[in-house]
Amino acid sequence: MEERVPHRSKREADTEALRLVYRELKEAGRTAEAHDALNRLVELQPTGGTAAFAHRERGKLGELGGRPVRIAILSSYVLDPLVPFLDVECRRAGLMPAFYVAPFNQYTQDVLNPASGLYAFGPEVAFIALDVEDLFPGIRLVPTGNELSGSRAKVRATIAGLVHELRARSNTLIVVYELAFSGWSPHGILDNRRGDGLSRWIEDVNREVAEDLSAQAHTFLMPLRQVLARVGGAQEQNRKLYYMARMRHGDGALRELARYSMRYVKPLKGLTRKCVVVDLDGTLWGGVVGEVGPEGIQLGPTAPGIEYVDFQEALLNLTKRGILLAICSKNNPNDVWPVLREHKHMVLREEHFAAVRINWHNKAENVREIAEELNIALDSLVFLDDNPVERELIRQMLPQVLTVELPRDASQYRAMLESLTDFELLALTKEDEQRASQYQANRQRQALERASGSLDAYLRSLEIRAEIARAAAHHVPRVVQMLNKTNQFNTTTRRYQTPEIERLLASPDHRVYVLEVADRFGEHGLVGSAIVCREGGTWRIDNVLLSCRVMGLSVETVFLKHISEAARLHDVARLVGEFIPSAKNEPTADFYRRHGFQLASDADGVQSWIFDPRRDRIEDPTWISVKTSGE
Amino acid sequence: MPTVEDVVSSVFGVNRESLNEGSSPESVEGWDSMGHMNLVAALEQRFNVSIDIDDVMQMANVGEIRQILAAYGVRG
């Protein structure tokens, strides 16, 4: 949420002070803090000038490291000033961005020419921003019905053609800005009554473009009008910028566009957060339940109380796309459970929470435990708490967690949650929709584990079933999702996007395997994938990954065994497993060794482990029943 | 009220002391054509004026900006 704007001179003074702080940090060589000061500077003074200053300074500071991301902008107008704003948003997300902006009005040539600067740059995300006035100049002059229908087909074909050509030459994620008409219709209030009204025309074109784009993999339509509506008319219609510099967006719009852009960039780079940890008193409801009792809290259909219902609904919506919820509350459990189970107006119930910590322990400890219980990294958590002391504690103790500055006013909670750009998915898979119930089943598994005498007895009693198959088209969204967000059990952390995986599926020299796992408590879904490349008489295992949900069950053993058996069937003499150590894949480091592979080489950060499928065998875990289809 | 130097220093992140009447795109880092648009936006906001396009194009250095603003009744 926007913070309240303080008196201008105060803000100016703060900005100037922060600039001085920045200079000191820069001169002292404190690079990380200097980068952070630049982030805060732009947040404090989000103008084009300050963003451009920060962007220039990055080049002078040493780089911090962090995952690189390559972003291209193709536009029919001058969109270069978006770059500094995008830069700061990427830095805030821990990314190291590189940018390419197509030369003015050369986006078409750039896309059509395989030797263009665009392809030399090699974008991972390409934003295509075409203004309706540039595509159809006649729109400003009361176009006739014929002109409108002709232009409608032309505009649609222009965009579809551009996307088609770009897709043919690049695996980039493509994000097209929807069309927006700035200004009033020349028909006035009659516009919506006419068949040739402009608002209807824009709706039609956008709908058609959306249809075209949704038929293309890895391609999105950005809801530009919604984004601009957050800014207000005066900013987005800064005509002077257009007359003088062919710019279409003022500072406020650029900042919103940059923020919204991160909704595409973050999931692409695997930065989607997986779990929201919420406090209870003052966060999910008003008042302190331990003091006022379940009937005394603010929660219901009227104010005060309706704002908390609204907020809970937004949290519930997140679970529908696979985001987990967890409770971290300082309370007596006996005070809280009646609310969670019986309060008439609670939207969120016990079954919506994948982990629960209601106690008087230190919250940092509780949050760390929640991450362990769910087997997810701290950097995939979001922490929501109305108490600034708790927030500061988490910020200090667990900086990887995204601690959100919850507004003081609960009526802003929902808007704040919805403005976060950390919960986006490039595709919704069955696994996402079922995630919350899968964690419920996990709790039953943990209860069984505690009741079982030994690990062996526990694994046997789980009745694990593994199903291994060659990947088909319908597996692609989930495979791509896992490739981009799995960090722990990931042998090479090579990230591939949809177009690349689709190509591998069609290639005679590549095999993509998928692993699905179920047990007596339910389905884990698609939890493993492997990419194998045939290179002469060798099969090279380019990547194996496994969802953290099924680590420790030995399903990776039956998966690798299946690959080795397939290699044996094809009389392959050398099966090579590659391993690239990363900051997070330590749990995978001995994957090939413990399955009988021998380290053959270790060069340029890539280990090669070899296995002779004709001679070597992998021992099957006896507690897993395996079903395979296709070698 | 801020001065023209205040605004130029804030927009381009340069020391105010390093600025003088002759400071211009040649001497101030970041004062390119995009930077000029950012500067104009900041001047308009800080001095609460709307500057004509031909005036925007005349603003070649700090001194000229001050003169032009004077014609709008602004003492920068």
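Author: Let's begin with the words themselves: helices (H or I, at least four residues) and strands (E, at least two) are DSSP runs, numbered from the N terminus. What you see is a predicted model, where local features need pLDDT of at least 70 and side-chain atom pairs count only at pLDDT 80 or more, while totals for chains, interfaces and linings use all residues. Residues are numbered from 1 along each chain as its sequence is written, and chains are lettered from A and ligands numbered from 1 in the order in which they are written.

Pro304(A) sits in the loop that runs between helix 14 (289–292) and helix 15 (306–319) of chain A. The peptide bond that links Ala303(A) to Pro304(A) is cis, with an omega of about -5°.

Now step back to the chain as a whole. Chain A is split into domain 1 (1–61), domain 2 (65–268), domain 3 (275–419) and domain 4 (453–629), with bounds from an automatic or database domain assignment. Between the C-alpha centres of domain 1 and domain 3 of chain A there are 32 Å.

Next, follow an open sheet of chain A. Five strands make up this sheet in the order 8-7-6-9-10, and their pairing is parallel; two strands pair if DSSP finds at least two bridges between them. Its edges are strand 8 (353–359) and strand 10 (402–403) of chain A, and each has a single partner strand, so one side of each has no neighbour in the sheet. Strand 10 of chain A is joined to strand 9 (residues 381–384) of chain A by two bridges, in the parallel sense. Here you can find Val382(A) opposite Leu402(A) of strand 10 of chain A. Packed on the sheet is helix 17 (residues 363–374) of chain A, which touches strand 6 (275–278), strand 7 (324–330), strand 8 and strand 9 of chain A. The directions of helix 17 and strand 8 of chain A make an angle of about 155°.

Another open sheet of chain A has eight strands, ordered 16-17-15-14-13-12-11-18, and its pairing is mixed. Strand 16 (598–603) and strand 18 (624–629) of chain A are at its edges with a single partner strand each, so each has one side without a neighbour in the sheet. On average, neighbouring strands of this sheet are turned by 25° against each other, direction ignored. Look inside it for strand 12 (residues 510–519) and strand 13 (residues 522–535) of chain A: they run antiparallel and are joined by ten bridges. Glu516(A) faces Leu526(A) of strand 13 of chain A.

A backbone detail is worth a stop here. Glu463(A) is not a glycine, yet its phi is positive, at about 55°. You will find Glu463(A) in the loop between helix 21 (455–462) and strand 11 (464–470) of chain A.

The axes of helix 4 (residues 82–92) and helix 13 (residues 251–268) of chain A come within 9 Å and cross at roughly 50°; axes are lines fitted to C-alpha atoms, for helices over the stretch in contact, with angles from 0 to 180 degrees between N-to-C directions. That angle makes helix 4 oblique to helix 13 of chain A (under 35 degrees counts as roughly parallel, over 145 as roughly antiparallel, 65 to 115 as roughly perpendicular, the rest as oblique). Among the residues that meet are Phe85(A) and Leu86(A) from helix 4 of chain A, and Leu254(A) and Met262(A) from helix 13 of chain A; contact needs C-beta atoms, placed from the backbone, within 7 Å. The residues of this contact are nine nonpolar, one polar and three charged (Ala, Val, Leu, Ile, Met, Phe, Trp, Tyr, Cys and Pro are nonpolar, Asp, Glu, Lys and Arg charged, the others, Gly among them, polar).

Last comes the meeting of the chains. The contact takes 17 residues from chain A and 16 residues from chain B. Helix 1 (8–27), helix 3 (48–60) and helix 12 (239–245) of chain A each give at least two residues to the side of chain A that touches chain B. That side of chain A has eight nonpolar, four polar and five charged residues. Helix 3 of chain A packs against helix 2 (residues 33–47) of chain B at about 140°, with the axes 8 Å apart, which makes these helices oblique to each other. Gly48(A), Gly49(A) and Ala52(A) belong to this contact, as do residues of chain B including Met34(B) and Asn38(B).

Definitions and conventions. Contact = placed C-beta atoms within 7 Å.
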